[in-house]
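Below are some notes on the model for a colleague who works with coordinates. Please read them beside the structure.

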Amino acid sequence: MDIQFDDGVKRDRFPLVSWLTSRQAFWVLLAVLVACVFLSFATNSFATSNNLFNVTRNFTFVAVVALGMTIVIITGGVDLSVGSVLCLCSMILAVVMHEGYNIWVGIAASLGTALLIGLINGLLIAYLEIPPFVVTLGMLSIARSLAMVASNNTVVFQFGPDQDKLLFLGGGALVLGIANPVIYMLVLALLTGFVLHFTRFGRYVFAIGGNEHAAIVTGVPVRRIKVAVYMISALSAGIAGVIETGWLGAVTTNLGAGMELQVIAAAVIGGANLAGGVGTAFGALIGSALIEVIRNSLGLLGISAFWQGTFVGCFIILAVSFDRIRNYRFPP
Amino acid sequence: MALLELKNVSKHFGAIHALNDVSLALEAGEVVGLMGDNGAGKSTLAKIVAGNFRPSHGEIRMEGRELVMHRPVEARQHGIEIVHQDLALCDNLSAAANVFLGRELRRGVGPFKVLDYSTMYRRAGQIFAELRSETRPRDLVRQMSGGQRQAVAIARTRIADARIILMDEPTAAISVRQVAEVLNLIRLLRDRGIAIVLISHRMPDVFSIANRVVVLRRGRKVADKDVASSSPEEVTGLITGAIEHAL
């Protein structure tokens, strides 16, 4: 939060330095940069425009979903259904376009489905007060199953008359050779950061995660905010689903399986606190980027992909213990 | 005419009579200590005044006009504020963000409104200066002392120009020096003509700052007298029931 930045200005001789070093996203960014520099020298293939194009594009899908997940995590919740929702939204888009409807109808149906699922999650969590873990675990199962129902568990790879538009949407590079998904991700990240820090909605998201009881007694519409938050999370999964469909050019019913854990890992590595009250849009991007760089580098260095989980897992644990390590080194 | 008047207020929860036929008048610039053992009805009374509960019987009048409140927001609109025992602060937000929580100032055009950080910082700073608190608007509440946190919670009541403030155990869990700080804050508010209901277990606080002391026992009012004509011993007796009624 910029609040901490201003806070630092008054106290420290090197305010920018102390602000930066207190940010988890800064250290993760540093890790990403160090890894990139190292890989540029250690391999011939990392710093090629082709590989960088791939790396930046590959993490956008996780990053877009991680933006929505970060907002949920800031309120102190969690959304386990995002991987399945992404699959269902991709499948709805694919099936609708396969039936000969144009791309706009497909996208509307797909994102409409996402919002509806988010609404159901949110209502159950906010009004019936069922724990988010349970509600979204149930939705994880339901959405995946509905995707199978919608496609009869087949692979859809023909998208009707607007097929080319869809493939360009996800696979093209409209601006300066940057993959389209990267542009979407950056725009959505800026939007998320703006909403979190400059709108009343964003302030309420942090307040709910900080002290839900306080938010209630001060008149914050806690329930409505929670419903909105789960709708945003599902919508981000839906958007990622649409983009990923355009990139892959085919949809299977195991798309996004296990993605929820990768997304949560990205958010947490980027500094979101699962206890609520803390998180940034920038952190979501950086966390996602780190996971992708690890994945990519293992491949390039010739290390077995089986090690990927070990590295990502270590970073999750390191990220969560970040505050303690920092406080240990610099006692207050 | 009293600023706030409770007339024969009762509150029943099923068979439990939490509050029985309690009448109470509050004048501007007055501090009333509300005392009683656990379960005597203090918090029920506070919740009725704060709009959380509606009384089963009786009525609440503000300057002679009857108040019917369904939600805490309505009490706020009438100038009644409550400072909760746990202060209801968000540790992860700045002092200014907490002061304006639920009442954020925004600027912009039409539906495009953004938080007005600069005005909120400035206004919060003014309120802290007015409360003679060293709290800085941009500091995170997480880093604050008990007294500073209390100042943040009290500052909240100042942005709405409250006329009646209910304070629930404001000195329960803080150090001796901070207690003095909080009592000074209460004096400042009193001198501005605000009526204060101080719910407390701490006899010295009530006797040092309140004009009147009201004692509840088992949902009934058993005493309502000037502090000057009472004593801690008498009040203790009234709370425990050793003394049946105040003279």
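Which residue is the bridge partner of B:R106 in β8(B)? The partner is B:L115.

1. Conventions. The model is predicted: local features need pLDDT of at least 70, side-chain atom pairs count only at pLDDT 80 or more, and totals for chains, interfaces and linings use all residues. Residues are numbered from 1 along each chain as its sequence is written, and chains are lettered from A and ligands numbered from 1 in the order in which they are written.

2. Strand β7 (residues 106-109) of chain B pairs with β8(B) in the antiparallel sense, over four bridges. Strands (E, at least two residues) and helices (H or I, at least four) are DSSP runs numbered from the N terminus, and two strands pair if DSSP finds at least two bridges between them. Two residues lie between the strands of this hairpin, and B:G110 has a positive phi near 55 degrees.

3. Interface. Chain B puts 20 residues in contact with 21 residues of chain A; contact means that C-beta atoms, placed from the backbone, lie within 7 Å. On the chain B side, the elements giving two or more residues are α2 (72-77) and β8 (112-115). That side divides into eleven nonpolar, four polar and five charged residues. Here Ala, Val, Leu, Ile, Met, Phe, Trp, Tyr, Cys and Pro count as nonpolar, Asp, Glu, Lys and Arg as charged, and the others, Gly among them, as polar.

4. Sheet in chain B. Six strands form an open sheet with mixed pairing, in the order β6-β9-β10-β3-β11-β12. Its edge strands are β6 (80-83) and β12 (220-226), each pairing on one side only. Strand β3 (residues 31-36) and strand β10 (residues 195-199) of chain B pair in the parallel sense over four bridges, and B:G33 has B:L198 in β10(B) as its bridge partner.

5. Leaving aside neighbours within four places in sequence, the contacts of A:V65 include A:V82, A:L86 and A:A240.

6. Helix α5(A). Of the 17 residues in this helix, 16 are buried, meaning that 20 or more other C-beta atoms, placed from the backbone, lie within 10 Å of the residue's own. After α5(A) comes A:G100, with a positive phi near 100 degrees.

Methods. Contact = placed C-beta atoms within 7 Å. Buried ≥ 20, exposed ≤ 12 C-beta atoms within 10 Å, placed from the backbone.
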